[in-house]
Amino acid sequence: MLNPDTIKKDFPIFKNIPELIYLDSTATSLKPKIVIDKLREYYETYSANIYRGIYHLSERATEEYEKTREIIVSFIHAKSSEEVIFTRNTSESLNLLCYSLGEEIIKKGDEIATTIMEHHSNFVPWQQLLIKKGGKLAVIKLDKDGGLDVLHLEKYISKKTKILCLTYVSNVLGVANEIKKIIQNAKKINPSIITIVDAAQAVPHRKVDVQDLGCDFLAFSSHKMLGPTGVGVLWGRKTLLDAMPPFLYGGEMISEVHVRNTKFKETPHKFEAGTPAIAEVIALKEAVRYLEKVGLKEIENHEQKLASYAIKRLGDEFKNLHVIGPKNAENKGGIVSFYFKKYHPHDVAQILSEKNICVRAGNHCAMPLHEELNLTATVRASFYLYNTQSDVDALIDGLHDVSRILK
Ligand SMILES: Cc1ncc(COP(=O)(O)O)c(C=O)c1O
């Protein structure tokens, strides 16, 4: 069984700040020592640019960089390394799709379907593209239990829908959508629909198999899964990637440049212009190895246990506090968002911060969802493999203090 007290010892930040209660891994995760050491190893022992140098340091850096791609291939069960593109983050992966794929295939009158629970990075690019092209955004709403209204997909998807983009796990509600089933049903309505999954809150916390999900594209960020900042991943079906034009032009993405024309490299390199985040990509593989060593199933179960415990205590002990999203932790990741009727979320987070408890307050880059729920902001506590039950106890004690102070 996963032991968070043992895991904590692998994260130097807990040694440096023993009193830290970090409940904001949805925003970004903490980093284990092996990831930090790997960054240092690159800078101290083979710090060179990749692909370019015919000398040992550059060859070693290139090898380490490409090894991470192979590790991601097996981690998400892609078919080949040609399907795995390194970007800067989930937002850039989704923008790449919007500019490269969306610009090509969306015409006046076309539709894109998305959901009301998207993070802005899987909402705004599509909304803006449709404003420019004169198309329509169909937004799948919530059902009465706080999940997605997937029983009425035909209300949102038709033969005109070119793209369906949806989040796997909501970064506010914590709900894990039934991606595989939704994609199957969407493809029954429109077999040529292209499906894009925002897996920023899924890949760090549960086993994700792109072939099993049946999606066409999937995006996630290294910094939310124990890896360095500055790296994102876009996985896509090779046939689709082959047909897409580059997103950014520049060095390393070309095979020939002449005064009048340019030939681009094949995928994934045609989508990776310029010098990438070399050290960060290299170190990402240590994060994946760490997650696999602990076990994704173990991590998922651990987070669900903490979320259930938190939801129960919040419900039992606070009369004026409301948890949003499904109350049943079974179909949820380790994310619990809530609000007090009378206290502003920023005040709540500020008081908790004085007790070294880090939670997020605001709209969590999901304004359409908050508008739908008639809220301007919520408080969000999120759990990861290093969180303990006593972290939840500290949160509850902190919230009792909040009630006393703000009453
Ligand atoms: C569901 C979801 N999608 C996308 C993002 C954007 O990720 P990034 O900031 O790494 O681009 C986030 C970040 O919180 C997220 O939670």
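This is a walk through the model above, one selection at a time.

**Before you click**

You're looking at a predicted model, where local features need pLDDT of at least 70, side-chain atom pairs count only at pLDDT 80 or more, and totals for chains, interfaces and linings use all residues. Residue numbers start from 1 along each chain as its sequence is written.

**Stop 1: the two domains**

Color residues 4-23 + 295-406 as domain 1 and 37-292 as domain 2; domain bounds like these come from an automatic or database domain assignment. Their C-alpha centres lie 28 Å apart. The contact between them takes 24 residues from domain 1 and 22 residues from domain 2, where two residues are in contact if their C-beta atoms, placed from the backbone, lie within 7 Å.

Now look at the side of domain 1 that touches domain 2. At least two residues each come from α11 (296-317), β12, α13 (367-372) and β15. (Helices are DSSP runs of H or I with at least four residues, strands are runs of E with at least two, and both are numbered from the N terminus.) Helix α11 gives the largest share, 6 residues. By class, this side has 11 nonpolar, 7 polar and 6 charged residues. For these classes, Ala, Val, Leu, Ile, Met, Phe, Trp, Tyr, Cys and Pro count as nonpolar, Asp, Glu, Lys and Arg as charged, and the others, Gly among them, as polar.

**Stop 2: the largest nonpolar core**

Next, select V197, A199, F217, A219, W235, I278 and A310: these have the most contacts inside the largest nonpolar core, which has 111 residues. Such a core is a set of buried Ala, Val, Leu, Ile, Met, Phe, Trp, Tyr and Cys residues joined through C-beta atoms within 7 Å. A residue is buried if 20 or more other C-beta atoms lie within 10 Å of its own, exposed if 12 or fewer, and partly exposed in between, with C-beta atoms placed from the backbone.

Helix α10 (residues 278-294) gives the most to this core, with 10 residues. The core also draws at least three residues from each of domain 1 and domain 2. In soluble globular proteins, nonpolar side chains tend to be buried together.

Zoom in on F217. Leaving aside neighbours within four places in sequence, F217 is in contact with L97, I196, V197, L234, W235 and G236.

**Stop 3**

Slide along to F220 in strand β7 (residues 217-221). Is F220 buried or exposed? F220 counts as buried, because there are 27 C-beta neighbours inside 10 Å. Not counting residues up to four places away in sequence, F220 touches T90, A199, A200, V203, G232 and V233. Now try a distance: F220 and R260 are 40 residues apart in sequence and 37 Å apart in space, C-alpha to C-alpha.

Then select I50, in the loop between α3 (33-45) and α4. I50 has 21 C-beta neighbours inside 10 Å, so this residue counts as buried too. With residues up to four places away in sequence left out, I50 touches S58, A61, T62, Y65 and I278.

**Stop 4: around the ligand**

Show the ligand and the 14 residues that surround it; the closest are N89, S91, H119, N171 and S221. A residue is near a molecule if its C-beta atom, placed from the backbone, lies within 6 Å of it. This shell divides into 2 nonpolar, 11 polar and 1 charged.

**Stop 5: helix α12, side by side**

Select residues 345-354, helix α12, and pick out the buried ones: P345, V348, A349 and L352. Why do they sit on the same side of α12? Because they cover an arc of only 95 degrees around the axis, the arc being that of the directions from the helix axis to the C-beta atoms. On the other side, H346, Q350 and E354 are exposed. The buried residues pack against β12 (335-340), β13 (357-358), β14 (360-362), β15 (378-382) and α14 (389-406).

**Stop 6**

After α12 comes N356, with a positive phi near 65 degrees. N356 lies in the loop between α12 and β13 and counts as partly exposed, with 14 C-beta neighbours inside 10 Å.

H77 isn't a glycine, yet has a positive phi of about 60 degrees. Find H77 in the loop between α4 (56-76) and β2 (84-87).

Last, select T267 and P268, joined by a cis peptide bond with omega about 5 degrees. P268 is in the loop between β10 (262-264) and α10.
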